[in-house]
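Here are my comments on the side-chain contacts. Please read them with the coordinates open.

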Amino acid sequence: MNIPTCPYFIFSLSAVLLVLAESKSAGSRHEPRKFPDGFQFGTATASYQIEGAWGEDGKSENIWDHLTHTDPCAIKDCSNGDIADDSYHLYRRDVEMMRELGIDYYRFSLSWTRLMPTSFPDHINPAGVKFYNNYINEMLKYNITPMITLYHWDLPQKLQEMGGWTNPNIVDWFADYARTAFELFGDRVKFWITFNEPHVFCFYGYGDVTMAPRLNIKGIAEYLCSKNMLMSHAKTWHMYDEEYRSKQSGTVSITLSSTWFEPEDGNNPEHIQAAEDANQFDWGQYAHPIFSEKGGYPQEMVDNVAAKSSAQGYSKSRLPEFTEEEKAYVRGTSDYFGLNHYSSALTYRNETVHGYHDTPSLWDDINAIRYKSEDWKIGASDFTKYTPWGFYKLLTKIRKDYNNPPVYITENGFSTLGGLEDEDRVKYYRGYLDAMLDAIDEGSDVRAYTAWSIMDNFEWMRGYSERFGLYEVDYTDPARTRIPRKSAFVYKEIIRSRTLDPHYEPTATVMTIDEGPLAAQYISNVPMEYLHRRFENSKMWKGVLLSAVLLVLSENKSAGSRQEPRKFPDGFLFGTATASYQIEGAWDKDGKSENIWDHLTHSDPCAIKDCSNGDIANDSYHLYRRDVEMMRELGIDYYRFSLSWTRLMPTSFPDHINPAGVEFYNNYINEMLKYNITPMITLYHWDLPQKLQEMGGWTNPNIVDWFTDYTRTAFELFGDRVKFWITFNEPHASCRLGYGDVTMAPRLNIKGVAEYLCSKNILMSHAKAWHMYDEEYRSKQRGTVSITFSSTWYEPEDENNQEHIQAAEDANQFDWGQYAHPIFSENGGYPQEMVENIAAKSVMQGYSRSRLPAFTEEEKAYIRGTSDYFGLNHYYSKLTYRNETVHGYHDTPSFSDDINAITYTLEDWEFGASGKVKYTPWGFYKILTKIRKDYNNPPVYITENGFATLGGLEDEDRVKYYRGYLDAMLDAIDEGSDVRGYTAWSIMDNFEWMYGYTERYGLYEVDYTDPARTRTPRKSAFVYKEIIRSRTLDPHYEPTATVMTIDEGH
């Protein structure tokens, strides 16, 4: 850990001398000292730091692989752990070194991605299991006790993309991983450590950029990480205690990194409190919930973060609360106190602290400044300072505050810049061991000491520039030769004699293995049920019978072929729609921050078909008056548009509302109202803040609260004038294509898992927003809140085939029933087809629970009925079948495999140059009919319907499409469907997501070669204008005007 030095302070030498003088131990004793009977010695390493073989034998990518490959020189020497010490191949030499030293135990960690390449228990990697079995058995062969750390910072990248330790779902993911390890290795491993140094990976990895994953979401992400890690630890401890302890007879604990914070002036109460606060935030944050009598976070933390959060404008404390049940669940969940300690820091608090730290941040919450004295430096490296007195004080505080728990020192060590004569490391070890013995003499129950590290290794952000090893590793040698340093000989003698002798000088220059007992070789038979293998998927082609296709078309009542004019019902409304990212432009103007589409198009431009982006788009941020002028030309009743979360709230949170964003939307809304055009606002149309995506986006349940804060802000700012609110546009597209595939941002492609997490969190977010509006705003603002679904219609290929009929029903339920059923059905919750299919598939695939997150009965009731109308986006339909060819057709697991059907469209449904949208108006009629019958005929607003061309003003195909679909809609209305409004997508061409500007949906053509982004009406604009004016669908109408004008009243 490298704590930055304060750039200014009045440094009093007397204060430093006082600190040292008052400390009982400073590593200065000269007489030999014996260690207690039974005291154990070990060394430690971690998987990513030594194993290498980063992509071998089925191992998948972890967050350090990802960081070092995507940004190599984020590491000081631009290095990585691809080969590291090559312990994957050289593990026998590692064990030989353990034998040379004579250690009692060896602490190492498992690589989650080597053991479980998918991150989940559906596939256990046989090669990874074999490697760890070999490693463990080689140790046991020589009577060396393996001590396994389950997590030493190398999270699967796949899980990081779902928010990593900020996502509460990781509690279950980690428990599945831990269970796998207990099952595979628990017959031989009796010492388990759940986590190494949570403060480091939470604070530096999530609240800073000095560890992977470098999120740097200060004051928020590190606290989410903290709670989720503690809950993961507790769940694992309880699981072991209840299921494995009686048969495996092991222990489960946690290792905390603990800097000692000393008051700069021991007579200054402010300094004393500052140091206490720093100790509680740094390591008490993790120790207090487990080892204290009360449980939960230290009161200093709770009070400080709550007060700061309130002052900063947050709706609640940034520190997530523990319920009383959670406090009890976490308290006591460790069989000993695992302690990593390296150095100390001086701490003070005075008026200079105000504005010193970033806001919000952990150190701003502590409200103190810390630094290290240059007088503490020994040797050439600045990395580790020599403060053994702090080690003594830390152990003493643990004894006094936590009722003297058993303590295992699981890391302590010193960094040099290399070389075999490491006198500074010898001095460091002797001083710290001396301080530890002082604490033991006073009653601290310290039972073991672990030197970091047995050998040099990849030292995280410092690469190979810092060397902690008792053995030097030659990284220029492909064989990664390990050579003992002087410190190795000294440590060997300490272990052999169980004595700390400050005068001992080794005479040997060659390391040998002392005589010792050879343990019986213990080879475990790994249960085969834990070696799950994936079947190879095969794609199969299916022909389609033309007779079945003709049957589908001939049986449908409406195909847009009527010839007589048809009137729309009285009061029927017409509008058009757009979305913020697709038209606004000004991507970083006036305080707007990055969203997921900014991030995608800037980091991987040609993921977009034409390598374009929405940086300027239609420039509606500057041209909104022209947009409103087009609305007036068409004569629309309402205009549907979306807010940009990152334009309104650049931090993603309510601590900063962007005045320029507020002004823009106020101007837009007021310009519409000026001409009697009703604004209909979509709160979320796919442009999530990138900052929130880095915490897992819609896979993270915390987003329910984040979205609620955003919606509250919008209701407060604009609800006096906006009466139509839509929470989400097309959650199926966001979740299925963005999280379960690569065809929408953020392109997670975590199939069969991420899209279902996204689904539940969106539904909970929608429900919370609806209830908030209903309880707090409806009576005074008198508006409506709803949600908009993308709804493809799935038709059975053969309506006389029961398998095809069920396949189509399943597809409809998975596609749009997944979102409609929880809100509009009488029973609530997901469709039963979904629940049963995914549960069965999950069990078969080896998951410990269904991949579809369950709704509690309370959640079902909370979501049911939370929409004032049914918002429907519809474009076209598909044919669906199920037979033996479906097996192995789709990726496993995946949404499509869970449906267990195959869908397709017909070439006969295409017309025009673009094949993107098919012409199937009969499907529109059928979906409206199903909504009426299944959901008790709710009010329906068609919130999108439109057709893509490749450009041009004479868009006859679009005209045909609109007429056919409006005709089908009128058929459904005639039969009783309560359809109240129709929205054409889109008023103008725009950035069409992954298709860029290659597909054009606009009633108005936009000239993207013109900096002024000239908008020109197409024929379809004139036709739609007439439909609105006359409230009539006339298939014979041909516009004669070539210039668009504004009619009276608009």
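1. A term first. Buried means under 20% relative accessible area, exposed over 50%, and partly exposed in between. Asp 989 has a relative accessible area of 0%, so Asp 989 is buried. Keep in mind that this is a predicted model.

2. Asp 989 has a charged partner. A salt bridge connects Asp 989 with Arg 1000, and the closest N and O atoms are 3.1 Å apart. Both residues sit in the loop between strand 27 (979–985) and strand 28 (1004–1006), so the pair ties together parts that are 11 residues apart in sequence. Arg 1000 is buried too, at 14% relative accessible area.

3. How many salt bridges are there by the rule used? The count comes to 76 salt bridges. One of them pairs Arg 399 with Glu 442, with 3.8 Å between the closest N and O atoms. Arg 399 belongs to helix 15 (residues 388–401), while Glu 442 lies in the loop between helix 16 (423–441) and strand 12 (446–452), so the bridge ties together parts 43 residues apart in sequence. Arg 399 counts as buried at 14% relative accessibility. Glu 442 counts as partly exposed at 30%.

4. A local case follows. Arg 626 bridges to Glu 629, and their closest N and O atoms are 2.9 Å apart. The two are three residues apart in helix 21 (residues 620–634), which means about one helical turn separates them. Arg 626 is partly exposed at 21% relative accessibility. Glu 629 is partly exposed as well, at 32%.

5. Salt bridges also form a network. Arg 33, Asp 434, Asp 438 and Asp 441 are linked in this way.

6. Now the disulfides. The structure has four. With the bonded cysteines of the protein chain numbered in sequence order, the pairing reads 1-2, 3-4, 5-6, 7-8.

7. Cys 202 and Cys 225 are bonded, with sulfur atoms 2.0 Å apart. Cys 202 lies in helix 9 (residues 198–206) and Cys 225 in helix 10 (residues 221–248), so this link ties together parts 23 residues apart in sequence. The S-S torsion is about -70°, so the disulfide is left-handed. Cys 202 is buried at 0% relative accessible area. Cys 225 is buried, also at 0%.

8. Cys 735 and Cys 758 form another disulfide, S to S 2.0 Å. Cys 735 is in helix 26 (residues 731–738) and Cys 758 in helix 27 (residues 754–781), so the pair ties together parts 23 residues apart in sequence. This link is left-handed, with -70° about the S-S bond. Cys 735 has 0% relative accessible area and is buried. Cys 758 is buried at 0%.

9. Is the disulfide of Cys 606 and Cys 611 left-handed or right-handed? The torsion about its S-S bond is about 115°, so the disulfide is right-handed. The sulfur atoms are 2.0 Å apart. Cys 606 is exposed at 52% relative accessibility, and Cys 611 is partly exposed at 37%.

10. Last, the rings. The count comes to 119 aromatic pairs. Among them, Phe 911 and Tyr 919 are edge-to-face, 5.0 Å centre to centre with 75° between the planes. Phe 911 is buried at 13% relative accessible area, and Tyr 919 is buried at 13%. Ring pairs place both in a cluster that includes Phe 568, Phe 947 and Tyr 1024. The charged end of Lys 960 sits over the ring of Phe 911, 4.6 Å from its centre. Lys 918 has its charged end over the ring of Tyr 876, 5.6 Å from the centre.

Conventions. Residues numbered from 1 in each chain as written. Predicted model: local features only at pLDDT ≥ 70, side-chain atom pairs only at ≥ 80, totals over all residues. Heavy atoms only, no water. Disulfide = S-S within 2.5 Å. Helix = DSSP H or I, 4+ residues; strand = E, 2+ residues; numbered from the N terminus. Buried < 20%, exposed > 50% of the residue type's maximum accessible area, 1.4 Å probe, protein only. Phe/Tyr/Trp six-rings, centres within 6.5 Å; stacked < 30°, edge-to-face > 60°. Lys NZ or Arg CZ within 6 Å of the ring centre and 35° of its normal. Salt bridge = Lys/Arg side-chain N within 4 Å of Asp/Glu carboxyl O.
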